[in-house]
Amino acid sequence: MGYFSNLSISTILLSCTIWSISILQISAVRFPINVWPKPTTFHWPHPQAIPLSPKFTISAPRHHRHLSAAVHRYLRQILTEHHRPLVAPPLNLTSSPPLKTLTITVADAAAPLAHGVNESYTLDIPSTGAAAVLTAETPWGAMRGLETFSQLVYSKPPVVACGMRISDAPLFAHRGVLLDTSRNYFELDDLLRLIRAIGMNKLNVFHWHITDSHSFPLVTPSEPELAAKGAYGEDMKYTAADVKKVVQYGMDHGVRVVPEIDMPAHTGSWAEAYPEIITCANEFWWPIESEWSDRLAAEPGTGQLNPLNPKTYQVVKNVIKDVVSIFPDKFFHAGADEITPNCWKSDPSIQEFLSKNGTLSQVLEIFVNATLPYILSLNRTVIYWEDVLLDENVRVDPTFLPPENVILQTWNNGPNNTKKIVSSGYRAIVSSSDYYYLDCGHGGFLGNDSQYNQLPGFEQGKGGSWCAPFKTWQTIYNYDITYGLSGDEAELVVGGEVALWSEQADSTVMDSRVWPRGSAMAEALWSGNRDEFGKKRFAEATDRLSEWRYRMVCRGIGAEPIQPLWCVKNPGMCNTVHPF
């Protein structure tokens with residue numbers, strides 16, 4: 001287990017009980033019960049609640065392994081969670097008999113968990129005691145409906161909101177969380193806890209940035225030396241069995257696991273096993289008395305694959321083959337960000353190529369042309385970071401990137417780069433560092449950093465964090481990822497991901513860095529950040545998010561608070577009424 005789950009969960013669960021008992025009589029805000037993310041259609045003309053029968057059951061299609069696992073998990077949670085909201089819902093109990101059954105029907109039980117799968121559902125909970133009905137097109141939509149039903153259950157003994165009909169479906173098909181497990185290692189249980197929280201927030205992608213220059217923790221059977229020499233330690237590796245557990249756990253929660261093997265840059269860890277295929281390996285990243293443009297890497301940890309060495313492709317293709325064999329998802333993230341020119345220029349073979357009027361962009365094109373077709377031959381769609389097309393120094397010609405097979409993930413320049421990607425005909429995943437980077441605003445990790453050695457009163461600027469300031473939940477919630485796009489261009493935005501890069505993060509802070517800020521993106525991408533009148537709804541979302549954060553904590557997710565508890569006890573008193 002990770003640090004948080006080992007040391008803090010029991011204390012936090014106890015505090016959940018104390019908090020709920022102490023403020024049970026608080027008057028309610030205008031939303032009688034919280035569902036996060038907010039459903040797209042919520043029809044509840046006469047709010048009431050109905051007791052759950054002690055023999056409450058969930059009837060669902062059999063013979064679907066992952067839906068059956070979800071049903072068992074939710075049934076146990078519904079009957080034992082005994083959640084007491086921070087603000088007690090002002091709901092009267094019906095005089096009807098207790099609710100005995102939730103019946104699930106699925107139209108297409110064979111639908112695979114894949115990009116674009118139908119996640120819609122309809123949930124009817126009558127006030128008469130008749131069976132509640134959850135109807136979905138696919139098992140994955142049924143899982144989203146189960147999560148909604150679970151959030152409508154509260155109290156001890158449990159009751160559930162009734163007399164309602166919810167029709168729900170996401171705005172965007174791709175809604176994810178990126179976690180970097182190379183710079184700092186995360187235990188397997190940390191990854192599973194992250195997936196559990198992803199699922200309960202109705203997100204559907206765990207983007208696993210597995211390798212980087214700092215470590216190579218993934219054991220690949222065809223190239224075992226990469227992890228044997230590139231991992232931080234023998235107990236800091238992910239085996240094929242570990243990956244299988246993560247993938248299956250993801251499917252049990254309706255979460256796809258998309259692997260990223262970042263290359264050809266960010267590959268310094270490969271040099272521990274194959275120094276001959278890596279340029280500028282283990283060099284000091286920014287030589288003394290040199291300009292920023294003379295750096296060998298974007299941060300400490302140098303090394304880039306050499307596209308001109310035939311051995312490179314032997315190793316790379318073995319890695320790709322192994323990764324595809326253990327990750328069933330049809331998306332493969334191949335990185336291609338932050339090519340640092342001087343790293344390649346330091347290699348004699350590349351120097352010779354450049355002396356014959358070659359360019360570094362052509363070097364990258366050689367690499368893409370040798371690897372992209374191979375990945376496509378394995379029936380995968382390839383995701384690259386935007387740099388492969390938009391970098392000002394090293395980029396490929398668009399003819400090397402067929403839009404039907406390539407998706408670009410944007411992280412720079414906010415909506416401007418999204419616009420460049422989709423206007424070029426490519427699908428886009430939005431991870432703008434201006435809005436969705438969760439590591440920003442925590443200072444820098446460089447030692448001996450003279451920018452901190454200043455006289456009192458100096459302007460601190462970004463405080464050493466290149467992407468500062470800290471991205472608050474409201475910043476994330478209010479970002480419109482299709483801003484400035486035409487209707488046709490917006491259709492090419494498949495979704496977004498918040499990203500936790502781990503230079504200054506590990507299991508001790510993972511939960512609090514991701515949640516509930518990841519929840520803010522989850523609602524914005526599921527049902528939007530505007531009300532039925534087109535007005536931003538971040539004001540009313542505040543109390544709902546506080547309640548949802550509290551429930552996540554009670555479920556074992558160490559989400560950080562967004563306000564003092566006093567604010568929840570005094571609805572509206574912590575809002576500002578002055579524009580800034």
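Guide: Helices (H or I, at least four residues) and strands (E, at least two) are DSSP runs, numbered from the N terminus, and in those terms T340 has its place in the loop between strand 14 and helix 9 (341-345). The model is predicted, so to speak of local features requires pLDDT of at least 70 and side-chain atom pairs count only at pLDDT 80 or more, whereas totals for chains, interfaces and linings use all residues. Residues are numbered from 1 along each chain as its sequence is written, and side-chain values use heavy atoms, with hydrogens and water left out.

Visitor: Why is T340 called buried?

Guide: The relative accessible area of T340 is 6%, and buried means under 20% (exposed is over 50%, partly exposed in between, with a 1.4 Å probe and protein chains only), so T340 is buried. Beyond its neighbours within four places in sequence, T340 is in contact (heavy atoms within 4.5 Å) with R295, L296, A297, A298 and Q304.

Visitor: What makes the strands a barrel, and in what order do they close?

Guide: Eight strands close into a barrel in the order 9-10-11-14-15-16-17-18, with parallel pairing. Neighbouring strands of this sheet are turned by 30 degrees against each other on average, direction ignored.

Visitor: How do you know that strand 9 pairs with strand 18?

Guide: Two strands pair if DSSP finds at least two bridges between them, and six bridges join strand 9 (residues 174-180) to strand 18 (residues 493-500), so these two are paired. They run parallel, with R175 opposite G496 in strand 18. Helix 5 (residues 188-200) packs on the sheet, where it touches strand 9, strand 10 (205-211) and strand 11 (256-263).

Visitor: Which strands are joined to strand 11, and by how many bridges?

Guide: Six bridges join strand 10 to strand 11, and V205 stands opposite R256. Two bridges join strand 11 to strand 14, and this pair runs parallel, with M263 opposite G335 in strand 14. Strand 11 is mostly covered, eight of its eight residues being buried: R256, V258, E260 and D262 point one way, while V257, P259, I261 and M263 point the other way.

Visitor: What is the result for helix 11?

Guide: Its 18 residues should span 26 Å, and its end C-alpha atoms are 26 Å apart, which agrees. Among the buried residues of helix 11 are L360, L364, F367 and I375, and just after this helix N379 takes a positive phi of about 65 degrees.

Visitor: Why are helix 3 and helix 7 described as they are?

Guide: The axes of helix 3 (residues 65-80) and helix 7 come within 8 Å and cross at roughly 70 degrees. Angles of 65 to 115 degrees count as roughly perpendicular (under 35 is roughly parallel, over 145 roughly antiparallel, the rest oblique), and helix 3 and helix 7 are therefore roughly perpendicular to each other. The contact is made by R65, H66, A69, A70 and R73 of helix 3 and by Q248, M251 and D252 of helix 7.

Conventions. Axes are lines fitted to C-alpha atoms, for helices over the stretch in contact, and angles run from 0 to 180 degrees between N-to-C directions. The expected span of a helix is 1.5 Å times one less than its number of residues.
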